Amino acid sequence: MELTWDELARFWSRVDVGEVDDCWPWRNYTTGRGYGVIKFKGKSWRAHRVAFLLSGGRLTEAKPLVLHSC
């Protein structure tokens with residue numbers, strides 16, 4: 001996923017960034033199950049999936065899940 005600088009800034013402005021080993025809570029809209037959501041290019045994305053992709057991760061058919069512990 002390619003994002004513009006404005007989209008990147010919008011994403012990170014909604015994250016409570018902490019230390020490397022800390023949880024970084026989402027500070028914007030969440031689903032009823034507590035997942036952060038942000039809209040890019042007309043599509044809703046789960047915040048943890050966007051963070052995974054921005055950190056260099058890749059989603060494939062063989063590995064479609066992004067697991068996190070906080």
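Helices (H or I, at least four residues) and strands (E, at least two) are DSSP runs, numbered from the N terminus. With that in hand, here is a friendly tour of a predicted model, in which local features need pLDDT of at least 70 and side-chain atom pairs count only at pLDDT 80 or more, while totals for chains, interfaces and linings use all residues. Residues are numbered from 1 along each chain as its sequence is written, and side-chain values use heavy atoms, with hydrogens and water left out.

**Aromatic rings**

- A pair of aromatic rings is described by the distance of the centres and the angle of the planes.
- Rings of Phe, Tyr and Trp (its six-membered ring) pair if their centres lie within 6.5 Å; planes under 30 degrees apart count as stacked, over 60 as edge-to-face and the rest as tilted.
- Searching the whole structure turns up three aromatic pairs.
- One of them joins Phe-11 and Trp-12 edge-to-face, at 4.9 Å centre to centre with 85° between the planes.
- Because Trp-12 lies in helix H1 and Trp-24 in the loop between H1 and S1, the pair ties together parts that are twelve residues apart in sequence.
- Phe-11, Trp-12, Trp-24 and Trp-26 make up one aromatic cluster.

**Nonpolar surface patch**

- Trp-12, Val-17, Trp-24 and Leu-54 form a nonpolar patch on the surface, with about 340 Å² of accessible area together.
- Patches are made of residues with over 30% relative accessible area and no salt bridge, where like charges are joined within 9 Å and nonpolar side chains (Val, Leu, Ile, Met, Phe, Trp, Tyr) within 5 Å.
- A salt bridge is a side-chain nitrogen of Lys or Arg within 4 Å of a carboxyl oxygen of Asp or Glu.
- Accessible areas come from the Shrake-Rupley method with a 1.4 Å probe; for residues, only the protein chains shown count as cover.
- Trp-24, one of the patch members, is partly exposed, at 35% relative accessibility.

**Charges over rings**

- Lys-43 lies over the face of Trp-45, 4.4 Å from the ring centre.
- Arg-46 has its charged end over the ring of Tyr-35, at 4.7 Å from the centre.
- A charge sits over a ring if NZ of Lys or CZ of Arg is within 6 Å of the ring centre and within 35 degrees of the ring normal.

**Residues and their contacts**

- Glu-7 belongs to helix H1 (residues 5-12) and is buried, with a relative accessible area of 13%.
- Setting aside neighbours within four places in sequence, Glu-7 is in contact (heavy atoms within 4.5 Å) with Glu-2, Phe-40 and Lys-41.
- Pro-25 sits in the loop between H1 and S1 and is partly exposed, at 42% relative accessible area.
- The C-alpha atoms of Pro-25 and Arg-14 are separated by 8.6 Å, the two residues being eleven apart along the chain.
- Beyond neighbours within four places in sequence, Pro-25 is in contact with Arg-14, Val-15 and Asp-16.
- His-48, in helix H2 (residues 47-54), is buried with a relative accessible area of 19%.
- Not counting residues up to four places away in sequence, His-48 touches Tyr-35, Val-66 and His-68.

Notes: Buried < 20%, exposed > 50% of the residue type's maximum accessible area, 1.4 Å probe, protein only.
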